[in-house]
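Subject: Structure handed over, with notes

Hello,

Please find the structure below.

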Protein chains: 2
Amino acid sequence: MKVGIIGLGLIGGSMAIDLRRKGFASRILGVESDPVNAAAAEKIGLADKVVDFGECVRESDIVILAVPVGAAVKLLPEVLDIFGEDASSGAESSDGDGKCRKTVIDVCSVKEQLIRTVHYHPMRSRYVSTHPMAGTEYSGPWAAMPGLFDGRACIFCNVEESDPAAVRKVEKMYDVLNMRPIYMNASNHDVHTAYVSHISHITSFALALTVLDKEKNEKHIFDLASGGFSSTVRLAKSNADMWVPIFTQNRDNLLQVMDTYIEKMMAFRRAIEDFDEKGVRTLIEDANRIKRIIR
Amino acid sequence: MKVGIIGLGLIGGSMAIDLRRKGFASRILGVESDPVNAAAAEKIGLADKVVDFGECVRESDIVILAVPVGAAVKLLPEVLDIFGEDASSGAESSDGDGKCRKTVIDVCSVKEQLIRTVHYHPMRSRYVSTHPMAGTEYSGPWAAMPGLFDGRACIFCNVEESDPAAVRKVEKMYDVLNMRPIYMNASNHDVHTAYVSHISHITSFALALTVLDKEKNEKHIFDLASGGFSSTVRLAKSNADMWVPIFTQNRDNLLQVMDTYIEKMMAFRRAIEDFDEKGVRTLIEDANRIKRIIR
């Protein structure tokens, strides 16, 4: 299978490594707009060749859009446009019967806007919307690593809008990456990810800002930071290019989560201010229920 | 050296393991008020013998108070009282010259109240106030593990109020545990720990409460929780017995940190609400400076 990967960063690059290693990809074409990243991706060997957008889409059986969601909203219709042109011109991808066999997926962390953008596109059914729930706080081709997806969940959104054969091909691909598929509509997906992923990033960013504000002497933070602090603040290293459009596109869900979060924080603040030890204990013990869920 | 450990939980138990393993402790007496924990600690072999409080203090050269800070405030003067009785009765610990050679340390995460409590105690100089900056989100004798302190920082507070020989003995002990000593006054200690440790616990508790409130279906959290969420919410498993008194005793510093934190959160909320992508980007990039400090 010829795989085209648009965006050779953490996610695209890690997919390249494992799809090749496990024999799913016979050839990988990559697209990378940043010239430094492109040179690195070629040097590391993530793609067989770094090509331009049009060539990548035309030459690949499956196209993976692994770019920030702001860019994905712009590029997804362009990929489908090229699929449409190729199908109507009888190019190889259409098997001569005018029917396109090519597939494009995105791997973004917010879905509704992306899916709405191509809802009426004539090639909509060639698009499968997926969200592999894996990542680290690092970015760029240097951050790519084997095994990133291993054993994690991958959410498929609105599969009923995609061609069943395209869905099967993508399921096969994620199976090769050893991911568990979960099916959900885009709107539910965006609510859940606001709660179990996006808010964690905001709490980490806010924590980093708080500590950096106070501790002008960075040596102190370094000396005193325990494992607990490092773990809670880890996501604050995450990249703005990726997270600004996520927060923008998932704005409404996120504002709701943030309001609940701020309420909980205020409840803690009140209990501590009032020396209400019983109240603090109840809040902590309620929070401890997370033990049942998170190893 | 005969070591007495009051509280055979995560910290006390882990100290027992390494102080014995590295040859610092020739004999370990333990005190554990919870009968289940006491039985477990004996079975695991953390202490040579679980004894009562008085026997432990009388028979040990160095007493480690490894209990929650609320209990420590009560027990520390009692330990010093026994030191005083033994010294005036010419017991072995006083080397016959009426001068006590015994030492007590605490390992608590808040210092000012504890130090103030014994400020005028006639045996004050036999107390060395320390905070080994290590731990996990687990508690109890089952959580004890070798190597917990290895390579971490240990804060010594107000050493000028302790007998220099007692300080040297305790420095030796932490050196055996391979900890880096840092010296600080209690009031600065409490401000710094509010910023680099206590607030992280509150942000985790609040995050767990937010997600548990929303996601009534725990299976969803389990399926969707990425590594990022697990890492930010990890501290929410922490024990109320330990954290309620920390939050109470470090109330004033903590309220100030929480106010700064809530301000940062509100700044994020406003920028997201206003679709102010430039503002969100600035907040994220400011937070990214934590990269320079935390590996």
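I start at the end of one helix in chain B. Helix H11 of chain B is followed by B:Phe275, whose phi is positive, near 50°. Helices (H or I, at least four residues) and strands (E, at least two) are DSSP runs, numbered from the N terminus.

This is a predicted model: local features need pLDDT of at least 70, side-chain atom pairs count only at pLDDT 80 or more, and totals for chains, interfaces and linings use all residues. Residues are numbered from 1 along each chain as its sequence is written, while chains are lettered from A and ligands numbered from 1 in the order in which they are written.

Which residues of H11(B) are buried? Among them are B:Leu254, B:Met258, B:Tyr261, B:Met265 and B:Phe268. A residue is buried if 20 or more other C-beta atoms lie within 10 Å of its own, exposed if 12 or fewer, and partly exposed in between, with C-beta atoms placed from the backbone. The buried residues of H11(B) pack against helices of both chains, including H7 (186-214) and H11 (251-273) of chain A and H12 (277-288) of chain B.

The contact between the chains takes 79 residues from chain B and 79 residues from chain A. Two residues are in contact if their C-beta atoms, placed from the backbone, lie within 7 Å. On the side of chain B that touches chain A, H7(B) gives the most, with 20 residues. That side has 44 nonpolar, 17 polar and 18 charged residues. Ala, Val, Leu, Ile, Met, Phe, Trp, Tyr, Cys and Pro count as nonpolar, Asp, Glu, Lys and Arg as charged, and the others, Gly among them, as polar.

Chain A has twelve helices and eight strands. Of its 295 residues, 54% are buried.

One strand of chain A is S4 (residues 62-65), where A:Ile62 and A:Ile64 point one way, A:Val63 and A:Leu65 point the other way, and all are buried. In a regular strand the side chains alternate between the two faces of the sheet. S4(A) runs parallel to strand S1 (residues 2-6) of chain A, joined by four bridges, and A:Gly4 stands opposite A:Val63. Four bridges also join S4(A) to the parallel strand S5 (residues 103-106) of chain A, where A:Thr103 is the bridge partner of A:Ile62. Two strands pair if DSSP finds at least two bridges between them.

Regards
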